[in-house]
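This report is meant to be read alongside the sequence and the three-dimensional view.

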Amino acid sequence: MNDKRLNFRAMSWIDRRNFLTAGAMALLAGCAVVPKAPPPSGPAPEPTPTESVIPTDTEHHRVALLVPVTGKNAAVGQSIANAANMALLDTGAKNLRVTTYDTATDPADAARRALADGNRLVLGPLLSDNIPAVAAVTRPAKVPLISFSNDEAAAGKDVFIMGNLPGQSIARTVAYARSQGVSAFAALIPRGEYGDRASDALLSSVRASGGAVIAMEPYDRTAASINAAATRIKAKTGYGALLIADAGGLSARAATTFRAGSSNANVRLLGTELWGGERELATTPALSGAWFSTVSDQRFAQFSKSYRSRFGAPPFRIATLGYDAVLLTLRVSRDWKVGKSFPTADMMESGGFLGLDGPFRFTRGGVVERALEVREVQAGSVKVVSPAPAKFGD
């Protein structure tokens, strides 16, 4: 019997190759060719916004925390986020859900994701440079933000500034100095935005109290520049107090230069809120007797101890802002219906709120007001010489 079936194994390798090639060509020939779609006649449609992957929550107020958790400011941002979570745990809050969004690379995108997830309040951002980008997203949606920045110029409609402000610190110190008989002031002022706010605050508070600012010396924030400025202002006389508007390290250097061989031994040195928590102050003899104002540390020690036990490291001093922002939100949420807009008007209570940093409230312009204490630097320690009021109106 003649077997007409194809005996593939009996074929030579050339026949096998030709057979396989012919089969592949036949298969391709049998495939339909899909014609290209005609080009669109109108403009390309805009991409659909990314939808939230978080299910709709009808039982919790959705609050976004916008801080950097990567990049050079990650440690500070994470400390604020940890403190916010501590506030939820410590209060046993059942009606808030706080979600952290990283602002390190694209703060506007972080804000867009926060709104897509249904958040009705933003705590943050940390940096004043990020506020315009975030507010451009949140303001049209009528979602307010409470920033941890200390740039009061950034405050406005639906933008609240919660950071410790240099102007309020300087005004409190000037008032205390005036009560102690100081009437003429001088200052070392760093160039830049912070220095501008510090000089404006000094001029306005001194003039309002009937005193006078005798001299100001600007400097760049370098050791050489502040030493030169301290030498220049040392040559001038007629003032009873000198404000050094910088952090502890540069202030200690300027004070040492100012006191060295100086005839101004009776001049009282003054600082700003930047001196709060600076250990270098008490170890610098030239700063002995200096005054500065800041928020109270009365509750910070216990907070720091609890934070360390939970996270294994001490918090940044600014972390209390994250904690207090959650306390503020909880207080206002008593009259806040889930899914509705955050009632910003309730933030304007004249009696304010009590947080880890003491009493605070917001003005109609969106700027925080704080009850501050005055401290004096002494040999090896810092002592409170004028306590912060326990409440507004005291």
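## An enclosed strand and its partner

Strand β1 (residues 61–67) is largely enclosed by the rest of the structure, because seven of its seven residues are buried, where buried means under 20% relative accessible area, exposed over 50%, and partly exposed in between (1.4 Å probe, protein chains only). Helices (H or I, at least four residues) and strands (E, at least two) are DSSP runs, numbered from the N terminus. This is a predicted model, in which local features need pLDDT of at least 70 and side-chain atom pairs count only at pLDDT 80 or more, while totals for chains, interfaces and linings use all residues. Residues are numbered from 1 along each chain as its sequence is written, and side-chain values use heavy atoms, with hydrogens and water left out.

Both faces of β1 are covered, with His61, Val63, Leu65 and Val67 buried on one side and Arg62, Ala64 and Leu66 buried on the other. β1 pairs in the parallel sense with strand β2 (residues 96–102) over seven bridges, two strands being counted as paired if DSSP finds at least two bridges between them. Within this pairing, Val67 has Asp102 of β2 as its bridge partner.

## The chain as a whole and its cores

The protein chain has ten helices and 15 strands, and 46% of its 394 residues count as buried. Among contacts (heavy atoms within 4.5 Å) between residues at least 6 apart in sequence, 66% join residues at least 24 apart. The chain exposes about 20,100 Å², of which carbon and sulfur atoms supply 54%; accessible areas come from the Shrake-Rupley method with a 1.4 Å probe, and for residues only the protein chains shown count as cover.

A nonpolar core is a set of buried Ala, Val, Leu, Ile, Met, Phe, Trp, Tyr and Cys residues joined through side-chain atoms within 4.5 Å. The largest such core has 59 residues, and those with the most contacts inside it are Leu65, Leu66, Leu123, Ile146, Phe148, Phe303 and Phe362. Helix α2 (residues 74–91) gives the most to this core, with eight residues. Apart from this core lies another, of 26 residues, which include Tyr219, Ile244, Ala254 and Trp275.

Ile146, once its neighbours within four places in sequence are set aside, is in contact with residues that include Leu121, Leu123, Phe160, Met347 and Phe362. Thr138, in helix α4 (residues 131–138), counts as buried because its relative accessibility is 1%. Not counting residues up to four places away in sequence, Thr138 touches Ala111, Leu115, Val122, Val143 and Leu145.

| Helix | Residues in helix | Expected span | End-to-end C-alpha distance |
|---|---|---|---|
| α5 | 14 residues | 20 Å | 20 Å |

The buried residues of α5 include Pro166, Ser169, Ile170 and Tyr176, and α5 is followed by Gly181, whose phi is positive, near 95°. In α6, the buried residues include Tyr194, Arg197, Leu202 and Val206, and what covers the buried residues of this helix includes α5 (166–179), β6 (184–190), β7 (212–219) and β8 (241–244). Just after α6, Gly210 likewise takes a positive phi, of about 85°.

β8 pairs in the parallel sense with β6 over four bridges, with Ala186 standing opposite Leu242. β8 also pairs in the parallel sense with β9 over three bridges, where Leu243 has Leu270 as its bridge partner.

Thr272 is found in the loop between β9 (268–270) and β10 (291–294). Is Thr272 buried or exposed? Thr272 is buried, because its relative accessible area is 0%. Leaving out residues up to four places away in sequence, Thr272 touches, among others, Ser169, Ile170, Tyr194, Leu243 and Phe292. The side chains of Thr272 and Tyr194 are joined by a polar contact of 2.8 Å, a polar contact being a pair of N or O atoms within 3.5 Å; within protein, one must be able to donate a hydrogen and the other to accept it, and residues adjacent in sequence count only if both atoms are side-chain atoms.

Terms used. The expected span of a helix is 1.5 Å times one less than its number of residues.
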